[in-house]
Amino acid sequence: IYGLTSSQLDPNQLHLLFAPLMCGYGLALISIIWSRCKLSQESGLMGNLHIVVIILIASAPLLLQLKQLNDKKPHTGSVGGVHAYSLNGSLNSITTPKDVIISDQPWAVAWYADRPAIWLPQTYYDFIKVETIADKVTSIAGIHVSSMSYSGEDIRQSFYNNRDLTAMAYLPWINYFVRNENAANISQNPSVAPLIDSQIGRYPHRTKLSGLLEPSTYYSRSMIRVK
């Protein structure tokens, strides 16, 4: 039709305004035809079978779409690298409502930990810019890093996505494989040492929020205490 675009809600789709009226006429026509059948004289469901068929046909696209969405959902409690995101609630007990947290999944921190959160930048330079902007209002309280930073990716893709701060994402695994946190020295990586190194880092205090299989770690600017 001339004047219409491919959009399903194009402003020129004026016939949509008359769709309910046309549905009413169509239902009336089918009801008249059905009334001439012997089955329409039956009581209960059989007498109104045409209504049931119309409802099933009309709802079929929605039901099929719901089935497809259900088939595609992951059959595991792990969502996006954290067990149902719920363990981020641990942040609530070690931070205050005024604390601003930089995280690789700020949506989960904001929802479950109920704390303001900023998405983790890719480079140390960008991190500095975020800190500078935040300091005009309130200082960044800490950094939250989870397996969201590398989940489902090989190390090359993870490095491409996280750039300078990739070392923080793999720190729990490196510490596990060497079985000696002092031997790993990955926190002394030049890209992350100014942030999380225990001696010179601005966020030197660390606590684990979850286990190794889905590691979630919080690096705090101040000493960590349970509120």
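**Exercise 1. Sort the lining residues of the largest cavity into nonpolar, polar and charged.**

Solution. The lining of the largest cavity divides into seven nonpolar, three polar and no charged residues. In this sorting Ala, Val, Leu, Ile, Met, Phe, Trp, Tyr, Cys and Pro are nonpolar, Asp, Glu, Lys and Arg are charged, and the others, Gly among them, are polar. The model is predicted: local features need pLDDT of at least 70, side-chain atom pairs count only at pLDDT 80 or more, and totals for chains, interfaces and linings use all residues. Residues are numbered from 1 along each chain as its sequence is written, and side-chain values use heavy atoms, with hydrogens and water left out.

Step 1. A cavity is a set of points, on a 1 Å grid over the protein atoms alone, where a 1.4 Å probe fits but cannot get out; lining residues have an atom within 4 Å of a point. Grid points are joined across faces, edges and corners, and the volume is the space filled by probe spheres set on the points.

Step 2. The count is one cavity of 30 Å³ or more, and the largest cavity holds about 30 Å³ of space.

Step 3. Its lining is made up of Val-145, Ser-146, Ser-147, Tyr-150, Met-168, Ala-169, Pro-172, Pro-215, Thr-217 and Tyr-219. Two or more of these residues come from each of β5 (140-146), α7 (166-178) and β7 (216-220). Helix α7 gives the most, with three residues.

**Exercise 2. How many helices and strands does the protein chain have, and what share of its residues is buried?**

Solution. Step 1. Helices (H or I, at least four residues) and strands (E, at least two) are DSSP runs, numbered from the N terminus. The chain has nine helices and seven strands.

Step 1. Buried means under 20% relative accessible area, exposed over 50%, and partly exposed in between (1.4 Å probe, protein chains only). Of the 227 residues, 32% are buried.

**Exercise 3. How many disulfides does a search of the whole structure find?**

Solution. Step 1. The criterion is a pair of cysteine sulfur atoms within 2.5 Å. The search finds zero disulfides.

Step 1. Cys-23 is exposed because its relative accessible area is 54%. Cys-37, at 33%, is partly exposed.

**Exercise 4. Describe the surroundings of Ala-134.**

Solution. Step 1. Ala-134 belongs to helix α5 (residues 124-135). Its relative accessibility is 11%, so Ala-134 counts as buried.

Step 1. Contact means heavy atoms within 4.5 Å. Leaving aside neighbours within four places in sequence, Ala-134 is in contact with Ser-139 and Ile-140.

Step 2. Val-100 is 34 residues away along the chain, and its C-alpha atom is separated from that of Ala-134 by 8.5 Å.

**Exercise 5. Locate Glu-214 and Ser-222 relative to β7.**

Solution. Step 1. Glu-214 is in the loop between β6 (205-208) and β7. Its relative accessible area is 21%, so Glu-214 is partly exposed.

Step 1. Ser-222 is in the segment after β7. Ser-222 counts as partly exposed because its relative accessibility is 44%. From Ser-222 to His-205, 17 residues apart in sequence, the C-alpha to C-alpha distance is 6.7 Å.

Key. 1 Å grid on protein atoms, 1.4 Å probe; cavity = no way out; pocket = protein on both sides within 12 Å on 5 of 7 lines; lining within 4 Å.
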